[in-house]
Amino acid sequence: MTSTNASAHPRQPLTRERVLQTAARIADDGGLGSLTMRSLATELSVQPMSLYHHVANKEDILDGLIDLVFDEVQVPSETPGGWRAAMEARAHGMRTALSRHPWAVGLMETRTKPGAANLRHHDATLGVLRRAGFSLDAAGHAYALLDSYIYGFALQEAGLPVGVPDADPQIVNAMARAIPADELPYLAEMAMDRAMQPNYSFGAEFGVGLRIILDGLTGLVTQQTVPDC
């Protein structure tokens, strides 16, 4: 009886899920610019034309990738802490997902053919807000504000050279010491006495800002609740 590498390690069948997971890995490693039909086919060890049995085109891949990101975030639901706890958990979950996939930040709300996870996430978020007593307009305001903050923070965090775990201390020191304290006293103070301190973490700012936003959104809640449909 003979054995070959092919029979010992049969090729994994090509599926849409496998194509999208591989595309996400390529984007995670090298950004969206590194993701092409050719690079995807090479990574999967198939011919480029084989991909079109599972994805229609690059836009279809992007739709699927964003759906993968939404699927990594727990769908918001009522918790003992009410709408506020649900929105706080959603915000932290979304930020965590975006830290794994920084290429996704600018695409999260751009898809014209959103997938099931994308739609389910949006509907659940709005449902929590509406059942908590937010009017239709107030729920829209809350959702827009929260997402602007989450996405904006994730975008800034991804490109920030200071206050992040992988920041180069030499670059950070050079930037801080290049600020002339006599001309820019407040900026120099912030850099030297805060951002340069060993325990400083820009990521810690996320929770602070989120609490301020949630405090403000409390004023939008009405006394009238919306019954379950």
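From the N terminus on, the elements run α-α-α-α-α-α-α-α-α-α-α. That makes 11 helices and 0 strands, where helices (H or I, at least four residues) and strands (E, at least two) are DSSP runs numbered from the N terminus. Please keep in mind that this is a predicted model: local features need pLDDT of at least 70, side-chain atom pairs count only at pLDDT 80 or more, and totals for chains, interfaces and linings use all residues. Residues are numbered from 1 along each chain as its sequence is written, and side-chain values use heavy atoms, with hydrogens and water left out.

**The chain as a whole**

- Of the 229 residues, 38% count as buried, meaning under 20% relative accessible area, with exposed being over 50% and partly exposed in between (1.4 Å probe, protein chains only).
- Among contacts with a separation of 6 or more, 72% join residues 24 or more positions apart; a contact means heavy atoms within 4.5 Å.

**Helix 2 against helix 5**

- Helix 2 (residues 16-30) packs on helix 5 (residues 58-71) at an angle of about 80°, and their axes are 10 Å apart.
- Here the axes are lines fitted to C-alpha atoms, for helices over the stretch in contact, and angles run from 0 to 180 degrees between N-to-C directions.
- The two helices are therefore roughly perpendicular to each other (65 to 115 degrees; under 35 is roughly parallel, over 145 roughly antiparallel and the rest oblique).
- Helix 2 brings Arg-16, Leu-20, Gln-21, Ala-23 and Ala-24 to this contact, while helix 5 brings Asp-60, Ile-61, Gly-64, Leu-65 and Leu-68.
- By class, the contact has 6 nonpolar, 2 polar and 2 charged residues, with Ala, Val, Leu, Ile, Met, Phe, Trp, Tyr, Cys and Pro counted as nonpolar, Asp, Glu, Lys and Arg as charged, and the others, Gly among them, as polar.

**The nonpolar core**

- The largest nonpolar core has 54 residues, and Leu-40, Leu-51, Ile-61, Leu-98 and Met-108 have the most contacts inside it.
- Such a core is a set of buried Ala, Val, Leu, Ile, Met, Phe, Trp, Tyr and Cys residues joined through side-chain atoms within 4.5 Å.
- Elements giving two or more residues to this core include helix 2, helix 3 (37-44), helix 5 and helix 6 (82-100), and the largest share, 9 residues, comes from helix 8.
- Leu-40 touches Val-19, Thr-22, Ala-23, Ile-26, Leu-35, Leu-51 and Ile-61, not counting residues up to four places away in sequence.

**Aromatic pairs**

- The structure holds 5 aromatic pairs; rings of Phe, Tyr and Trp (its six-membered ring) pair if their centres lie within 6.5 Å, and planes under 30 degrees apart count as stacked, over 60 as edge-to-face and the rest as tilted.
- The Tyr-149 and Phe-153 rings are a tilted pair, because their centres are 6.0 Å apart and their planes are at 50°.
- Both residues lie in helix 8, 4 residues apart, about one turn of the helix.
- Tyr-149 is buried at 18% relative accessibility, and Phe-153 is buried at 6%.
- Phe-153 is also stacked with Phe-202, since the ring centres are 4.7 Å apart and the planes are at 10°.
- Phe-202 sits in the loop between helix 10 (185-195) and helix 11, so its pair with Phe-153 ties together parts that are 49 residues apart in sequence.
- Phe-202 has 9% relative accessibility and counts as buried.
- Tyr-149, Phe-153, Phe-202 and Phe-206 form one aromatic cluster.

**A histidine in helix 7**

- His-122 lies in helix 7 and counts as buried at 18% relative accessibility.
- Not counting residues up to four places away in sequence, His-122 touches Phe-70, Glu-109 and Tyr-143.
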